[in-house]
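Please view the sequence and the structure first, then read the points below.

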Amino acid sequence: MKAREILERLEYKVVKGDLDQEVRGLSIDSRSVEKGDCFVCIRGVYFDAHSVIDQIAEKEPSVIVVDSSWTEAHDLSGIRGNIVAVHDTRRAKALIAGAYYGHPADELTVIGVTGSKGKTTTTHMLYQMLGKAGKKAGLIGSNGIFYDGQSVEVANTTPDSEVIQKYFRKMADAGCEYVILEVSSQAVLLHRVEGIRFRLGVFMNIETGDHIGPNEHSSFAEYLDCKKQLLRQSSEAVVNFDDSHLDQILAGLDVPVTGFGHAPQDPDDDTHIPDYQLCEEKVEYRDGWPGISFKMKGKLNGSFYVDTPGLFSASNASAAIACADRLGIPVKAQQDALSSIHVPGRLDMVYRSEELSVCVDFAHNGFSMRSLLTALREYRPRRIVAVFGFDGHRDPDRGVEMGEAAGKYADFTIVTTGHNRFESFQDVAEKVIRGLESVNGKYTVIEDRKEAIRTAIMDSQPGDLIAVAGFGHEHYQQINGVNIPYNDGEYCLQVVKEWKSEKDKR
């Protein structure tokens with residue numbers, strides 16, 4: 001592929017050289033660029049590749065893509081090679097990656113899902129519905145990349161644009177018709193999904209205090225606008241009409257909108273009536289364990305059962321149902337998928353017995369912690385023991401809110417380490433403790449996460465339910481900027497095995 005072909009969907013200016021060179025690969029890492037690559041200079045938080053353009057040029061890439069503003073302040077006469085300037089190199093990288101892999105998104109029906117909560121569960125629900133209907137699909141999100149019987153771990157909810165396009169190509173070549181993509185607001189901000197046209201863009205919800213801070217979004221307005229960008233890139237928007245910010249979500253949208261949410265309480269209220277209406281939710285026990293049964297009416301009528309408790313389970317399911325119906329998936333396939341749903345790391349009962357149950361969940365703010373603990377009450381435990389830690393370098397109010405939720409809805413809490421990043425354990429834990437003490441919650445502090453979990457399980461009382469929150473599916477713990485291999489679910493099962501062995505000796 002010629003350099004000019006890889007830039008075909010971009011506005012650019014040739015600063016030096018020509019674009020008749022063959023491109024053999026893509027690179028954004030100055031340490032690993034190879035001869036023949038298309039190298040895109042990215043300005044990161046800690047490193048700007050423009051600063052080492054001399055060294056990059058010496059490795060003879062086919063073309064170097066730089067930021068236009070950078071060229072205005074630098075003399076390029078002494079730099080070898082072919083240089084192209086663009087307005088935004090992150091956006092350019094996404095479009096270049098699409099071209100390099102042959103625009104695979106054009107061969108797939110792409111569904112994007114965004115929201116402060118529920119993305120992972122909803123995408124897995126829809127993925128399994130498509131599978132039950134005999135449709136070949138791929139999934140990219142927090143839990144990894146899944147397609148054609150394969151699974152690949154990812155570092156971010158929405159991977160880098162080059163990774164997305166690479167796996168879109170693999171999925172298309174494997175015969176996938178559909179791909180479902182979790183779209184985080186940060187991914188939109190960093191142009192990871194630039195150039196992708198979505199068949200459906202799903203807006204689950206938005207929380208005012210979520211993902212706003214020095215290392216995330218500068219304001220709620222920016223956060224909301226990034227989430228709305230998914231809808232602008234979609235042929236049809238599927239929106240949660242229950243969200244309190246609905247008017248702001250819909251404002252200025254120039255695409256067809258399909259709504260899902262609860263049936264209106266007032267029959268005379270004709271404002272924003274959802275097309276897919278959720279109603280008659282109730283806890284239902286099957287084989288002694290709780291789930292949620294509910295009905296849908298409006299554009300689709302039917303009865304459904306989700307194999308996990310919590311009203312949020314029904315809400316997530318209604319979003320998946322609306323999408324599946326828009327894609328022509330039969331109701332029976334939807335029902336079958338929901339009745340046996342399992343999403344790793346989301347209300348994931350890794351061990352269940354009458355004497356002890358252990359749940360792993362991704363809950364990492366006050367709302368999700370409250371939702372988790374109230375849902376777990378449906379298992380009728382003797383006690384709920386919550387084990388979690390707040391993450392460093394996040395809005396302090398989120399830590400306080402998590403502590404308040406645990407203090408109100410758990411019987412006992414063990415405060416431990418989360419992803420401390422570069423913040424001390426004492427500073428992070430203090431926020432959670434402040435929330436716990438504000439509601440007179442019972443707690444203890446055990447800094448080491450493994451020891452905290454081990455204590456909760458080994459010292460459990462008959463009928464306890466241990467809720468380990470914050471990491472969910474993740475396979476690492478970040479301490480002082482280092483990702484240490486670790487998984488809550490795997491470690492919980494290891495300790496449960498020890499607990500059972502000790503129990504058998506008594």
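The largest cavity has a volume of about 40 Å³; on a 1 Å grid over the protein atoms alone, a cavity is a set of points where a 1.4 Å probe fits but cannot get out, and lining residues have an atom within 4 Å of a point. Grid points are joined across faces, edges and corners, and the volume is the space filled by probe spheres set on the points. The model is predicted: local features need pLDDT of at least 70 and side-chain atom pairs pLDDT 80 or more, whereas totals for chains, interfaces and linings use all residues. Residues are numbered from 1 along each chain as its sequence is written, and side-chain values use heavy atoms, without hydrogens and water.

**Cavity**
- The count comes to one cavity of 30 Å³ or more.
- Among the residues lining the largest cavity are H364, D391, M402 and R449.

**Helix α14**
- Helix α14 covers residues 425-438 and reaches 20 Å from its first C-alpha to its last; helices are DSSP runs of H or I with at least four residues, numbered from the N terminus.
- Its buried residues (under 20% relative accessible area, 1.4 Å probe, protein chains only) include F425, V428 and L436.
- The buried residues of α14 pack against β19, α13, β20 and β21; strands are DSSP runs of E with at least two residues.
- Just after α14, N440 takes a positive phi of about 60°.

**Residue Y491**
- Y491 lies in helix α16, residues 488-505.
- Y491 counts as buried because its relative accessibility is 10%.
- Beyond its neighbours within four places in sequence, Y491 is in contact (heavy atoms within 4.5 Å) with K450, I453, R454 and Y486.

Note on methods
The expected span of a helix is 1.5 Å times one less than its number of residues. Buried means under 20% relative accessible area, exposed over 50%, partly exposed in between (1.4 Å probe, protein chains only). On a 1 Å grid over the protein atoms alone, a cavity is a set of points where a 1.4 Å probe fits but cannot get out, and a pocket is an open set with protein on both sides within 12 Å along at least five of seven lines; lining residues have an atom within 4 Å of a point.
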